[in-house]
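Some words used for protein structures rest on a number and a cut-off. The questions below go through several of them.

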Amino acid sequence: MPAFRTLDDADLAGKRVLVRVDLNVPMEEGRVSDTTRIDRVVPTIREIAQKGGKVILLAHFGRPKGRDEKNSLRQVVPALAHALGQPVIFVGDCIGTEAPKAIAAAKNGEVLLLENTRFHAGDEKNDPDFVKALAANGDIYVNDAFSAAHRAHASTEGLAHLLPAYAGRTMQAEIEALSAGLDNPARPVMAIVGGAKVSTKLELLGNLVEKVDVLAIGGGMANTFLAARGINVGKSLCEHDLAQTAREIEAKAEAAGCEILLPVDALVAREFKAHPGHRVVSIGEVGPDEMILDAGPLSVAEVVLKLDKVRTVVWNGPFGAFELPPFDTATVAVAKAVAERVRDGRLVAVAGGGDTVAAMNHAGVAEDLTYVSTAGGAFLEWMEGKALPGVEALRKA
C-alpha cells in the first residue's frame, strides 16, 4: 500500500506516540466479554513499545454525553493489560493537566490509556482547539482504528493534520485486505450480500453491481427482489414499496454485466423461532401464511458452483436468520465452501460488517478467510465506494 504511511516509515524511539485504537468492547458484569478488538491492536502497541516509543492510547467507549463513569475506559484496563502482558497506566483525562504529567513521568516502552475522548464534545465535532489539545500530548500520530475511520472526528482524522501520521498494523492490514477485495481484486469477483432490508443497503448494492461480476443476494432483502419479479413471498419480511428500486438495481446490474443470484428455493416456516415446523419449497411455492427464513439447498449449490468460477469474494450479511437453527444452514454451508477454497489458495475472501462477523464465527470459519473485518459502519461505507476520512488523512502527500 504505497499510498499510505505505515509504521515502517516512522522513527518511534523516544517519541510520544498517540495511537487511536478501538476499545469500544462489549462488557458483562464489569468485565470485557469479547476481546477481539483488543487483540487486534496488540501488535501495533507492542511494536511501538519495543521500538522505544511511549504508547499513548486514545479511544472512545459508548455514547457518553459528557463525563460519565459508566463509559469510562478504566474498566477496559485489566483486559488490555492481560492481552499485552504488561501494565497499562490509566490516565483520568485525555487533555488538561493530568495527561501531560502522566506522559512525562512514563518511561519509553510503557503504555498509557487516556480517558474516553468522547467525554469531550470536541472529539466528535472535530473541534480545532480540541485537536490542538490532543496533539500537544504527542510527537507522532498512529491510527489503528479502521472501525472508526468513517468518522471525521478529532481523534480519528483531525490529529493526522497536525502530527506526522501513520497507519498502525491493524489499519494497514484492513486497507490491504479491502484493496484486494474490491479496489484491485483478482477477477472474477463475487459479492455476497444479505441482511434484512434493501433500504439500508441501497448505496451498497448500487456500487457493487458496477464493480463485481456476480452478486448473490440473500436474507430478507432477497425477498424484496423476488417480490419485484412478481413472486409471492407469503408473510416473509419484504419491502414491497421498494419493488421499483429493486428492478432498477437489476437493470443497472444487467447494463454493467453483473449477474444477480437470487434464491431458487427456501426454508419456510409459520413461526419465527428456533426449530419450528418447516419445509423446503421452490421459490414461488411459498404459502400465504409462511415466511422465507433461509435459502434452500439448490440455492446453496448454485452459489457454491459460482465459487469455483471466481477468484475473489466480498461478503456482507447472512443468507437467513442464522441465529435460529435450522435457518443457519445456507450461511454455514456457503461459509465453509468459501473457507475451503481460501485454504486451497483458490480464493481471496474478505468479510465484514454487522452480523457478518458473528455469522462467520458461528460457521467456524473466521480464522480461515483471508480477512474478517470487525468494522461495521466503516466496512459498509467502503463497500459503498465512499472515501473514509480517517484513511484519507493517512495518504502520502
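Q: Which residues of α8 are buried?
A: The model is a predicted one. In α8, the buried residues are G219, G220, M221, A222, N223, T224, F225, L226, A227 and A228.

Q: What do the buried residues of α8 pack against?
A: They pack against β9, α7 (202-208), β10 (214-217), α9 (243-256) and β14 (291-295).

Q: What follows α8?
A: G230 follows α8, and its phi is positive, near 90°.

Q: Why does I140 count as buried?
A: The relative accessibility of I140 is 4%. The cut-off for buried is under 20%, so I140 counts as buried. I140 belongs to strand β7, residues 140-143.

Q: Which residues is I140 in contact with, leaving aside its neighbours within four places in sequence?
A: The contacts of I140, with those neighbours left aside, are D11, L12, K15, R16, V17, L18, L163, P164 and Y166.

Q: How many residues apart in sequence are I140 and A330, and what separates them in space?
A: I140 and A330 are 190 residues apart in sequence, and 47 Å lies between their C-alpha atoms.

Q: Why is K197 called partly exposed?
A: K197 has 40% relative accessibility. Exposed needs over 50% and buried needs under 20%, with partly exposed in between, so K197 counts as partly exposed. The loop between β9 and α7 holds K197.

Q: What does K197 touch, not counting residues up to four places away in sequence?
A: With those residues not counted, K197 touches M221 and E239. The C-alpha atoms of K197 and A321 are separated by 13 Å, and the two residues are 124 residues apart along the chain.

Q: Why does E29 count as exposed?
A: The relative accessibility of E29 is 84%. Exposed means over 50%, so E29 counts as exposed. E29 is in the loop between β2 (27-28) and β3 (31-32). Its phi is positive, about 55°, although E29 is not a glycine.

Q: How do you know that H275 is exposed?
A: H275 has a relative accessible area of 60%. H275 lies in the loop between β12 (265-269) and β13 (278-282), and its phi is positive, near 50°, in a residue other than glycine.

Q: Why are α11 and α12 called roughly perpendicular?
A: The axes of α11 and helix α12 (residues 356-363) cross at roughly 75° and come within 9 Å. Angles of 65 to 115 degrees count as roughly perpendicular, so α11 and α12 are roughly perpendicular to each other.

Q: Which residues make the contact of α11 with α12?
A: On α11 they are T331, V332, A335 and K336, and on α12 they are A359, M360, H362 and A363. These residues divide into 5 nonpolar, 2 polar and 1 charged.

Q: Which residues of α11 are buried?
A: The buried residues of α11 are A330, T331, V332, V334, A335, A337, V338, A339, R341 and V342. They pack against β9, β14, α10 (297-307), β15, β16 (348-352) and α12.

Q: What span does α11 reach, and what is expected?
A: α11 has 15 residues and reaches 21 Å from its first C-alpha to its last, close to the 21 Å expected at 1.5 Å a residue.

Q: Where does α1 bend?
A: α1 bends by about 35° at V42, and the proline P43 follows within four residues. Helix α1 (residues 36-50) reaches 22 Å from its first C-alpha to its last, close to the expected 21 Å. Its buried residues include I38, V41, V42 and T44.

Q: Which peptide bonds are cis?
A: Among them are the bond that joins R187 and P188, with omega about 5°, and the bond from P325 to P326, with omega near 10°. P188 is in the loop between α6 (169-183) and β9 (189-193), and P326 is in the loop between β15 (312-316) and α11 (329-343).

Conventions:
Residues are numbered from 1 along each chain as its sequence is written. This is a predicted model: local features need pLDDT of at least 70, side-chain atom pairs count only at pLDDT 80 or more; totals for chains, interfaces and linings use all residues. Side-chain values use heavy atoms; hydrogens and water are left out. Helices (H or I, at least four residues) and strands (E, at least two) are DSSP runs, numbered from the N terminus. Buried means under 20% relative accessible area, exposed over 50%, partly exposed in between (1.4 Å probe, protein chains only). The expected span of a helix is 1.5 Å times one less than its number of residues. The bend at a residue is the angle between axes fitted to the seven residues ending there and the seven starting there. Axes are lines fitted to C-alpha atoms, for helices over the stretch in contact, and angles run from 0 to 180 degrees between N-to-C directions. Angles under 35 degrees count as roughly parallel, over 145 as roughly antiparallel, 65 to 115 as roughly perpendicular and the rest as oblique. Contact means heavy atoms within 4.5 Å. Ala, Val, Leu, Ile, Met, Phe, Trp, Tyr, Cys and Pro count as nonpolar, Asp, Glu, Lys and Arg as charged, and the others, Gly among them, as polar.
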